[in-house]
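Q: Could you take me through this structure feature by feature, giving the general idea and then the case at hand?

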Amino acid sequence: MTASHSKLQSEPLSGYERELLAFTLRWLPYGGGDEFILPHFGIGPSLFYRRVLAALRPVRDHRLSPEERGRLTDFCLRKIAEHP
């Protein structure tokens, strides 16, 4: 976290957002688990990955390393391109 984004300035994630990130991290090695998104979250893959991206913004307190955040961001952008 940079000096301009201290813990005091970061926005906490909701339980829902933590669940989005946990799901994405769990299924990332297997290509995303897109077939489980609708039954689990009640939304399609495109909206799901857009919500994950929103949770990954630098001002959010997602507690991921820059490498993890970058990997998830790249993955979500690829998945959004697959599911316009």
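Q: Where is E17 found, and is E17 buried or exposed?
A: E17 is found in helix α1, where helices (H or I, at least four residues) and strands (E, at least two) are DSSP runs numbered from the N terminus. E17 is buried, with a relative accessible area of 15%; buried means under 20% relative accessible area, exposed over 50%, and partly exposed in between, with a 1.4 Å probe and protein chains only. The model is predicted, so local features need pLDDT of at least 70 and side-chain atom pairs count only at pLDDT 80 or more, while totals for chains, interfaces and linings use all residues. Residues are numbered from 1 along each chain as its sequence is written, and side-chain values use heavy atoms, with hydrogens and water left out.

Q: Which residues is E17 in contact with, leaving aside its neighbours within four places in sequence?
A: Contact means heavy atoms within 4.5 Å, and on that reading E17 is in contact with P12, A55 and R60, once neighbours within four places in sequence are left aside.

Q: How many salt bridges does the structure hold?
A: Side chains of opposite charge can pair when their charged atoms come close. A salt bridge is a side-chain nitrogen of Lys or Arg within 4 Å of a carboxyl oxygen of Asp or Glu, and the structure holds three salt bridges. In one of them E11 pairs with R57, the closest N and O atoms being 3.2 Å apart. This pair links distant parts of the chain, with E11 in the segment before α1 (15–27) and R57 in the loop between α3 and α4 (66–82), 46 residues apart. E11 is partly exposed at a relative accessible area of 35%, and R57 also counts as partly exposed, at 36%.

Q: Which residues do salt bridges that share partners join into one network?
A: The side chains of D34 and K79 meet in a salt bridge, at 2.9 Å from N to O. D34 lies in helix α2 and K79 in helix α4, so this pair ties together parts that are 45 residues apart in sequence. D34 is buried, with a relative accessible area of 15%, and K79 is buried as well, at 7%. The side chain of K79 also meets that of E82 in a salt bridge, at 3.4 Å from N to O; being three residues apart in helix α4, E82 and K79 are separated by about one helical turn. E82 is exposed, with a relative accessible area of 52%. Through these shared partners, D34, K79 and E82 are joined into one network.

Q: At what angle do helix α2 and helix α3 pack?
A: Axes are lines fitted to C-alpha atoms, for helices over the stretch in contact, and angles run from 0 to 180 degrees between N-to-C directions. Helix α2 (residues 34–41) and helix α3 (residues 45–55) pack at an angle of about 85 degrees, with their axes 9 Å apart. That makes α2 roughly perpendicular to α3, since angles under 35 degrees count as roughly parallel, over 145 as roughly antiparallel, 65 to 115 as roughly perpendicular and the rest as oblique. From α2, D34, I37 and F41 meet P45, F48 and Y49 in α3.
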